[in-house]
Amino acid sequence: MALVTERPDDTTTTTSVVHTANPSPQWWRTAVIYQVYPRSFADGDGDGVGDLPGITARLGHLARLGIDALWLSPFYRSPQNDGGYDVADYRDIDPLFGTLADADALLAEAHRRGLRVLVDLVPNHTSSEHPWFVAALAAAPGSAERARYLFREGRGPDGAEPPNNWRSVFGGPGWTRVTEADGRPGQWYLHLFDVTQPDLDWTNPEVAAEFESVLRFWLDRGVDGFRVDVAHGLVKAEGLPDWHGTSVLLHSPLEGEVSVAGVDEPTTETAPERVQAGNHHGPMWDQEGVHEVYRAWHRVLAEYDGDRALVAEAWVEPMPRLARYLRADEMHQAFNFAFLTAAWSAPALREVITDALSAMDAVGAPTTWVLSNHDVVRHTSRLGLPQGEGMPGGIGAADPQPDEELGLRRARAAALLMLSLPGSAYVYQGEELGLPEHTTLDDAERQDPVWLRSGHTERGRDGCRVPLPWSSTQPALGFSPTGASWLSQPESFAGYALDNQQGVPGSTFETYRAALRLRREFALGSGSLAWVDGLPVGTAQTLAFVNREVLVLTNTGTTALPLPADLDVLVTSQQLPLAEDGAWLVPPDTTVWARIG
Ligand code: GLC
């Protein structure tokens, strides 16, 4: 729909509505959800690793910030080979993080403060220390114990070659051969991730029954829903056929490993900005059978009160394909990784936003917005790198370093853009402080299996997982009472500490707070989106849209642009300078929210 409006200053603006307001009441349609990575949020017991009592003690910070819900990355019993995404017991808390009583206390305190809680569910694989896998190794080929996982005979003479050519997302082969009871090399098992993360066989009804029981365990304890890890990977194509593409996690593949969307042959083409989702077209991703799993889970959640929700971590494209996970009887929302991976450019962002809204509207699901998480270089640092060159797979001291000031300016503008959009938004812990990636972390400290399995070619994800700075004057910047910290914090973190920002007008923290308050006040989450073209500010480097009574302008270009007169400015990501004629200017890399008429 296109409307032409005559403005008082005789400027002709064109408005194209791409999304209309959605009055549905479910909380998850509009929620701002804050991701807590428990290892690095707050350490209660002083061992240098964050824990559940540490989180509970800091819930006041989240309430003050003004978010609606938390998503906790895994806290289950785990050998921690992949930061807890290797679960050994889905019904217990790892002693590193506390106890089930601590989890209950966290839930109760969050709910008392009006915050909902999502927990992470990891159904694609277990830890190799899970009793099922221990039993599978002890049992014989063909046994019921092995049938919960993907054990296969090898190829070639003596079965010495893996059953197919699949690679691990973290690098290296996707299969590992086991030693049988007689001491001889035997079957192989599939692990799409680390060797200690064996993939489950989701065609086995016992696996499905177990996970439904796990869902109920946590729903009974009062969780408001689940973030579902690798939601597009559970079911593999029948026969596990060879695939000549490569999948890498959340960043652009190394040169020579690029597989472009829809083309499964490796090519040496330069990675386009959004190629990573295209890495997930192989026979291990996005198979039809996964939808049956989520339909069953939907039914389980529907038995409970309070609009419990399922959130898909699914690297699936194009958008309409991702939307299939959000059909009315499946999951409730999915991370919008196309938004996260878009370059800092108005046309690229406009395309992604329009595509996402139209694909999600087609199935009646909310669109989500996300800029950072525990798997990607923090957006503050990403946006301080040259744009359009794809996602970095971690940054080390020897790599080109991001422009920290530029990155922060863009990050703040990106955050105000994200928080003005209709739908649900995700905030990764520390982004409300403007934290950069730790880009000079000592390689000796790295714990991410990506660093190891890539043969030390990909620095991996430790740089975005560094413990948070709460206080500029305390040991470990207030993260831990003893000053211990499982990853060391860069010196610059002191400047970003919460105590340096709280109550300071214009600080990143206060800007997030103001945006979250206004988002609620103007009901932007359930609002609409109409692109505005033709404003005096309208150039190819500007995004301009209206959501309810709020005009949002983002300047991704290199020159300052005049703000239309007579607007009541609500919040800005930078202070606006005045032009000679008295008009406000929107500087480069800035977002402005203004109230219209
Ligand atoms: C998801 C998680 C990531 C983990 C992987 C394997 O992508 O977000 O942290 O390593 O799954 O579980």
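The points below concern a predicted model of a protein chain.

1. Basis. Residue numbers start from 1 along each chain as its sequence is written. In this predicted model, local features need pLDDT of at least 70 and side-chain atom pairs count only at pLDDT 80 or more, while totals for chains, interfaces and linings use all residues; side-chain values use heavy atoms, without hydrogens and water.

2. Overall form. The protein chain contains 16 helices and 22 strands; these are DSSP runs (helices H or I, at least four residues; strands E, at least two), numbered from the N terminus. Along the principal axes, the C-alpha atoms fill a box of roughly 85 × 50 × 50 Å.

3. Of the 597 residues, 61% count as buried, where buried means under 20% relative accessible area, exposed over 50% and partly exposed in between (1.4 Å probe, protein chains only). Among contacts with a separation of 6 or more, 69% come from residues 24 or more positions apart; contact means heavy atoms within 4.5 Å.

4. Charge. There are 45 positive and 80 negative side chains, and the centres of the two sets lie 4 Å apart. Lys and Arg count as positive and Asp and Glu as negative, with His and the chain ends not counted; each charge is placed at NZ of Lys, CZ of Arg, CG of Asp or CD of Glu.

5. Strand S18. All six of the six residues of S18 (residues 550-555) are buried, so this strand is largely enclosed by the rest of the structure. Val550, Val552 and Thr554 lie on one side, Leu551, Leu553 and Asn555 on the other, and both faces are covered. S18 is joined to S17 (residues 542-547) by six bridges in an antiparallel arrangement, with Phe545 opposite Val552. Pairing requires that DSSP finds at least two bridges between two strands. In the S17 and S18 hairpin, two residues separate the strands, and Arg548 takes a positive phi near 50°. S18 also pairs with S22 (residues 590-595), again antiparallel and over six bridges; here Leu553 stands opposite Val592.

6. Sheet S8-S10-S9. This open sheet has three strands in that order, with antiparallel pairing. S8 (151-152) and S9 (175-179) are the edge strands, each pairing on one side only. Two bridges join S8 to S10 (residues 185-190), and Phe151 has Tyr189 as its bridge partner in S10.

7. Gln35. This residue lies in strand S3 (residues 32-36) and is buried, with a relative accessible area of 1%. Leaving aside neighbours within four places in sequence, Gln35 is in contact with Trp71, Ser73, Asn373, His374, Val427, Tyr428 and Gln429. Ala343 is 308 residues from Gln35 in sequence and 23 Å away in space, C-alpha to C-alpha.

8. Thr511. Helix H16 (residues 508-521) contains Thr511, which is buried at a relative accessible area of 8%. Outside four places in sequence, Thr511 is in contact with Arg412, Leu416, Gly506, Val571 and Thr572.
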